[in-house]
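Please walk me through this model, beginning with the surroundings of the ligand and moving on to one of the sheets.

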Amino acid sequence: MSVSPVPFDGNPIAPETECFLGETHRLLIGGEWVEGSGELETRDPATGLVLARFQTGGAAEVDRAVKAARAAFEGPWGRMTVAERTALLHKLARVMDANATLLTELDVIDNGMPRFIAGLTTANCVEMIDYYAGAVMRIEGTTIAPPRHIAAETEALTYTLREPVGVAGQIVPWNVPLSTAILKLAPALAAGCTVVMKPSEETPLSALALGGMILEAGIPAGVVNIVNGVGAEAGQALAEHPGVDKISFTGSTATGKRIIQAALGNLKKVSLELGGKSPVVVMPDADLALAVPGVAMATFFLQGQNCMAGTRIFAHAAIHDELMEGVAAFCKVMTLGHGLDPATTQGPMISDGHAAKVMGYIERARADGVTLIAGGEKLDRPGNFIQPTVFTSCDNAMPLMREEIFGPVMAVQKFESEDVEAIAALANDTPYGLSGSVWTRDLSTAHRLVKRIRAGQVSINCHGAVGTNIPFGGYGQSGWGREFGQEGLDAYLETKAVTARL
Ligand code: NDP
């Protein structure tokens, strides 16, 4: 290692962040900060230095948290009017907004993401809580014609009620910690559910700060419980727990399959947002001034630690070389550094282990002679910084094109055809189906391709167009169900059909 690490690479943090880091970080159960049964440390991935120690729980703490969530569901939260629930959610949004600097800086230093991205995700979280607060009043059933055999005898009324699923377990990964916590929490609370959340052990901090804000907003004890801990212990216990009615998980496809197994015991409802290997199709008539930065950021946004990353680039032969020259030049001006440094556009990998996994893909591709036109190296400095890396001359059989690398690694394949069926067949040659994009000036080609690409989100002349009100989720092995928007709320609601003889 060339130089010794300096805290935050010498960048300042806000006094409230410094104060928060100095606190004791316990578990939030039943409205109280309680002792855990273990302790772990979390590190700044840009320097490798320890940020804080935090307490962890296992099966016993998860059980306590589920009981607290059940008591709140059957008690104060369940009895609250929709107007009261709406007001509390809006209050939480205001408290978070007032603490936006703290929330933003915690995700920067715990995850490594550049500050401008963390600032945006914090603002989106506030928006999302307000959005779902507004949705509480719009939870509606329907009136339906009564069953034939009853209507034949008497006047009758059939209608549906939308009711909360109950206690929701939520397992959150490390790649966009606050944002993923909120996109699960806000619809669950709006629906009237109570929650036990397990953040990732890599990024426990913003969820703990959020816990304090939940208490400050006056959300009743036990409505939200936060149990940090190791996935295989606390996460597994939550997914298996018979007192949990629904589990919502974001993470790898492999762990998603374990969640399904764990949920079998009480057949809890399961929502999964899993991996991706999203196609980016660039047609010969694409506007390259738009496509060059767009394609680059499809891969490199969040240093590639992004489930909807567009990492399989299909470039038409007519524009392939010009597009790649532009992308390689874009890589050269990306600034790798600490997320707190305003100049930084790309941060570090989350951990040593994850960086080793990403470098393993790069080294194997280099050894196999795949053409490297940008990057390919890990920086000789503290932290796990990997250069934005571009391999061309790829084909769909290579691990580079098939597996979710979750790092700043782009794999590019040239194609000759302009037949939308053939192009879509290339794009769809993957077990995943989370996202994708098409770059062309031809509206007809764009919409014909979009229709043929098997993914939950496909964008035209942009990539990863995610938004509070826009459903997001995967086809194939990218998941079950949708988050965000109305469908995100529906995932926490049951439908009860009621028929009355009048
Ligand atoms: P995991 O899927 O293993 O972890 C995601 C979350 O699940 C974390 O909170 C983790 O806890 C928890 N978890 C782990 N094992 C279990 C289990 N048996 N039961 C319940 N919960 C569990 O992802 P990794 O962090 O190991 O990353 C591996 C790969 O997953 C990445 O390289 C990437 O490809 C993919 N990934 C995809 C994400 C997405 O947004 N779709 C997000 C993160 C990763 P803990 O961290 O405490 O172990």
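**The ligand and its surroundings**

In this predicted model, the element that gives the most to the shell around the ligand is α10, which supplies four residues. Helix α10 spans residues 231-240, and α10 is listed together with strand β10 (246-250), helix α11 (253-263) and helix α14 (352-367) as elements that each supply at least two residues of that shell. Counted by class, the shell is made up of 12 nonpolar, 11 polar and six charged residues.

Which residues come nearest to the ligand? Of the 29 residues around the ligand, these are W174, E201, S252, K357 and E404. The space that the ligand takes up is the largest pocket.

**A sheet of three strands**

We turn now to a sheet. Three strands form an open sheet in the order β5-β6-β20, and their pairing is antiparallel. The edge strands, each of which pairs on one side only, are β5 (143-144) and β20 (493-501).

The two pairings of this sheet can be followed one at a time. Strand β6 covers residues 156-164, and β5 pairs with β6 in the antiparallel sense over two bridges; here T143 is the residue that stands opposite Y159 of β6. How many bridges join β6 to β20? These two strands, which run antiparallel, are joined by nine bridges, and a pair of residues that can be located in the structure is A156, which stands opposite R501 in β20.

Methods: Residues are numbered from 1 along each chain as its sequence is written. This is a predicted model: local features need pLDDT of at least 70, side-chain atom pairs count only at pLDDT 80 or more; totals for chains, interfaces and linings use all residues. Side-chain values use heavy atoms; hydrogens and water are left out. A residue is near a molecule or strand if one of its heavy atoms lies within 4 Å of it. On a 1 Å grid over the protein atoms alone, a cavity is a set of points where a 1.4 Å probe fits but cannot get out, and a pocket is an open set with protein on both sides within 12 Å along at least five of seven lines; lining residues have an atom within 4 Å of a point. A molecule sits in a cavity or pocket if more than half of its atoms lie within 2 Å of its grid points. Ala, Val, Leu, Ile, Met, Phe, Trp, Tyr, Cys and Pro count as nonpolar, Asp, Glu, Lys and Arg as charged, and the others, Gly among them, as polar. Two strands pair if DSSP finds at least two bridges between them.
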